[in-house]
Amino acid sequence: MTWHKTTLEISTPGKGLYDITKTVHAQLQGWGVREGMCFLFIQHTSASLVMSENWDPTARADLGTFMERLVPEGESWYTHDLEGADDATSHIRTMLTDTSLTIPVDDGNLSLGTWQGIYVFEHRSRPHARKVLMRVLQVT
Amino acid sequence: MTWHKTTLEISTPGKGLYDITKTVHAQLQGWGVREGMCFLFIQHTSASLVMSENWDPTARADLGTFMERLVPEGESWYTHDLEGADDATSHIRTMLTDTSLTIPVDDGNLSLGTWQGIYVFEHRSRPHARKVLMRVLQVT
Amino acid sequence: MTWHKTTLEISTPGKGLYDITKTVHAQLQGWGVREGMCFLFIQHTSASLVMSENWDPTARADLGTFMERLVPEGESWYTHDLEGADDATSHIRTMLTDTSLTIPVDDGNLSLGTWQGIYVFEHRSRPHARKVLMRVLQVT
């Protein structure tokens, strides 16, 4: 078994879901991994990882709208607002989604379902540079 | 260290939580795994994985009811409805739960707590055939 | 590659988020792990794991308040209340957060972002003794 690692640098222009599936896949191919397990970990508390529908952009739009409604900015009870109106909301939205994902690799590919894509979910309004740690345990 | 893999085929008759703990456990025993880590990954964006209470069926009933209330069908603001009223809701409910789970294995068993079970959470109204990828890193 | 394992015993005095970052880190150092992957798994359905902001206590306070509002105790539609008013709510809150986390290890440290901490999120009102299984795949 072999261990591979890198850090993916993802630029996010503001709130939304950003597809990183191709970036992860390209890295796997560069390493020549045929089979194993891929571990993703985002090093932030105001952006997260989600698996979601990769075909129809309206699916992602609805995820974003849902979060705006479920965790709206400007609630009077928020106490954590040092960095602005999207401060408490970003941490709450991160808690409700994922910081780490584990995805099988087979036949040199991520073993995703037909409609699955890997997304960085940016919860901040302003542009950010996000880091996603990628680790792969290569079996063959 | 040894690598094992299979795909669990789970039939879901409609919305609800379906216990797959025994299926996962039987597979572990078939392989003779004593110790290691079990990785589960569901290849869908409208069904998900959750760990939940395995004793009282009312616990699962409440999880289902909660989701129906938190993410109700028929909201006027949904834009993703190509596949019906449970389309946007299924993706949102998947986002709020899990696509991947990692569970330790010890003494030939999943190291679950007394009340923990592993469930496929089906978010679609109609019956589906779901695939859960199971990977095991066997240490001994 | 080497496998390490232990069980972290975490005492929780009641609802809230409890930082276990130092406990996990101390264990890593005790084993002398330089690089690999750390797997955490909480053996409960009424307490969960979350990655969150580690600097400002108000961030955690807002996570707790959010959960109290999103999943309030005493809803008339709960059917699972054998163990009290925090019974159904605890399982729902666990479902919305995490039971397992996977965190890379590099240079002898958890590869956390600057503001990330690892927390046990206790959903029960009364004190509990919680078990978090810690497994480490050591690469170097």
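Two strands are taken to pair if DSSP finds at least two bridges between them. On this basis, in the predicted model examined here, chain B holds an open sheet of three strands in the order β2-β7-β4, and the pairing within this sheet is antiparallel. The strands β2 (16–19) and β4 (47–53) of chain B stand at the edges, where each has a single partner strand, so that one side of each is left without a neighbour in the sheet. On average, and with direction ignored, neighbouring strands of the sheet are turned by 40° against each other. The contact between β2(B) and β7 of chain B, a strand that spans residues 116–122, consists of four bridges between strands that run antiparallel; within this pairing, B:Leu17 has B:Phe121 in β7(B) as its bridge partner.

The arrangement of the copies was then considered. In general, two copies of a chain are related by a rotation about an axis and a shift along it. Chain A can be laid on chain C by a turn of 120° with a shift of 0.0 Å along the axis, and the RMSD of this superposition is 0.0 Å. These two copies are thus related as by a three-fold rotation axis. The C-alpha of chain A that is nearest this axis belongs to A:Leu96 and lies 3.4 Å from it.

How values were computed: Residues are numbered from 1 along each chain as its sequence is written. Chains are lettered from A and ligands numbered from 1 in the order in which they are written. This is a predicted model: local features need pLDDT of at least 70, side-chain atom pairs count only at pLDDT 80 or more; totals for chains, interfaces and linings use all residues. Side-chain values use heavy atoms; hydrogens and water are left out. Copies are superposed by least squares on the C-alpha atoms of residues with pLDDT of at least 70 in both. Helices (H or I, at least four residues) and strands (E, at least two) are DSSP runs, numbered from the N terminus. Axes are lines fitted to C-alpha atoms, for helices over the stretch in contact, and angles run from 0 to 180 degrees between N-to-C directions.
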